[in-house]
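Dear colleague,

Please find below the structure that I am handing over to you, together with its sequence. My findings follow it.

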Amino acid sequence: MNRYSRQIILKEIGTIGQERIGSSRIAVVGLGATGGIIAELLARAGAGHLRLIDRDTVEFSNLQRQILYDETDVGMAKTDAAANRLQRINNGIEVEPVAKDLHPDNIEPLLKDCDLIMDGTDNIQTRFLINDFAVKHAIPWIYSGAIGTSGMEMAIIPGKTPCIRCLMPVAPPAGALPACDIAGVLNTVPAIVGSLATTDAFKILTETQPRTNFGQLTVFDAWENSFDHVIVSRREDCTCCEGHQFEYLSARIRGLATRLCGRGSIQINPMRPMEIGLEELARRLHDLGEVRCIRHMIRFKNGSKELSIFNDGRAIIRGVKDEAEARALYSRYIGE
Ligand SMILES: [Zn+2]
């Protein structure tokens, strides 16, 4: 019996739909709770090539809702842990882990050959960057968001539906939106959002059904049992899908520090590519604290400060109070 028999039998999928799913290339950006659900459902459904992009490592506080990971994965890059699990689930698909921060300098090679981009991110800047890229290159993407007990989801098909900037013309100022480390998140919410997003992914990939619900934002509150659809109109003055100004694609990222969703976690993007290899760096750090080499990264601990250093020179620094302290630790242990 074909492993996909239960979905091929569906009139919405069928043999042709399954072939389309099987030949698709899909990027999942962000492998937290929502991205994890999406990646697992797509892998089980037989999506041909999954590119998994995430910048972070697994922490104990992730395990409450991030279904791809277990206790043995803590400290590993999420992409490696996720790829291991997904290949155990379905070895007949290609899974490509990419432990990078998606930014304007690397978005083109990472997303250009994809048929569909799935949003598992936790911040509006990356979503606006994906939106600019997707509209510019006419690649569909699916927006997903989960916070507290509520979630949102919308499929964006460039040229056919409104884009995210039609819904939200400008990014809210930093700190204006609740982050999951402060507002919390009920673990059923990303499961629902991820399921809605994956269902829309199947509709887009199989193209066997008319896309009647596209252009609508689904908004729900799981605790209140409320489920609404908001019709989003295309804005005539949208700078992205009407004006074709892709400001997020030309943003400057070198030397950028970003506060991550996780108390006291700050990511530093290097000013220049790292000149030494991870092995050499591990040797240098050996006398200064506890060093663990995990695949394509180093975990370095000194007292309450912890640095996860990736082979592109990017680092996530935990246990710091602000950006200045993170930058100081970066230059002390890694370089300018
Ligand atoms: Zn727009």
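I begin with R88, which is found in helix 4 (residues 78-89); helices (H or I, at least four residues) and strands (E, at least two) are DSSP runs numbered from the N terminus. R88 counts as exposed because it has 9 C-beta neighbours inside 10 Å. The cut-offs are as follows: a residue is buried if 20 or more other C-beta atoms lie within 10 Å of its own, exposed if 12 or fewer, and partly exposed in between, with C-beta atoms placed from the backbone.

Two remarks on provenance are in order. Residues are numbered from 1 along each chain as its sequence is written. This is a predicted model, in which local features need pLDDT of at least 70 and side-chain atom pairs count only at pLDDT 80 or more, while totals for chains, interfaces and linings use all residues.

Overall fold

The chain has eleven helices and 14 strands. Its radius of gyration is 20 Å, close to the 20 Å that the globule rule gives for 336 residues, so the chain is as compact as a globular protein of that length. That radius is taken over C-alpha atoms, and the globule rule is 2.2 Å times the number of residues to the power 0.38. The C-alpha trace spans about 60 × 50 × 40 Å along its principal axes. Of the 336 residues, 43% are buried. Among contacts between residues at least 6 apart in sequence, 66% join residues at least 24 apart; a contact requires C-beta atoms, placed from the backbone, to lie within 7 Å.

An open sheet of eight strands has the order 3-2-1-4-5-6-7-8, with mixed pairing. Its edge strands are strand 3 (94-98) and strand 8, each of which pairs on one side only. From one strand to the next the twist averages 15°. Two strands pair if DSSP finds at least two bridges between them. Strand 5 (residues 141-147) and strand 6 (residues 150-156) run antiparallel and are joined by seven bridges. S144 has E153, in strand 6, as its bridge partner.

Helices against the sheet

Helix 4, which holds R88, lies across strand 2 (49-53) and strand 3, and runs at about 170° to strand 3. Helix 6 (residues 124-137) lies across strand 1 (25-29), strand 4 (116-119), strand 5 and strand 6, and runs at about 170° to strand 4. For these angles, axes are lines fitted to C-alpha atoms, for helices over the stretch in contact, and angles run from 0 to 180 degrees between N-to-C directions.

Helix 9 and the residue after it

Helix 9 (residues 188-206) has 19 residues and reaches 27 Å from its first C-alpha to its last, close to the 27 Å expected at 1.5 Å a residue. The expected span is 1.5 Å times one less than the number of residues. Because 15 of its 19 residues are buried, helix 9 is largely enclosed by the rest of the structure. Just after helix 9, E207 takes a positive phi of about 50°. R88 and E207 are 119 residues apart in sequence and 29 Å apart in space, C-alpha to C-alpha.

Positive phi in two loops

Most residues other than glycine have a negative phi. N225, not a glycine, has a positive phi of about 55° and lies in the loop between strand 7 (216-221) and strand 8 (226-231). N225 counts as exposed, with 7 C-beta neighbours inside 10 Å. H244, also not a glycine, has a positive phi of about 50° and is found in the loop between strand 8 and strand 9 (257-259). With 11 C-beta neighbours inside 10 Å, H244 counts as exposed.

Yours sincerely

Notes:
Two residues are in contact if their C-beta atoms, placed from the backbone, lie within 7 Å.
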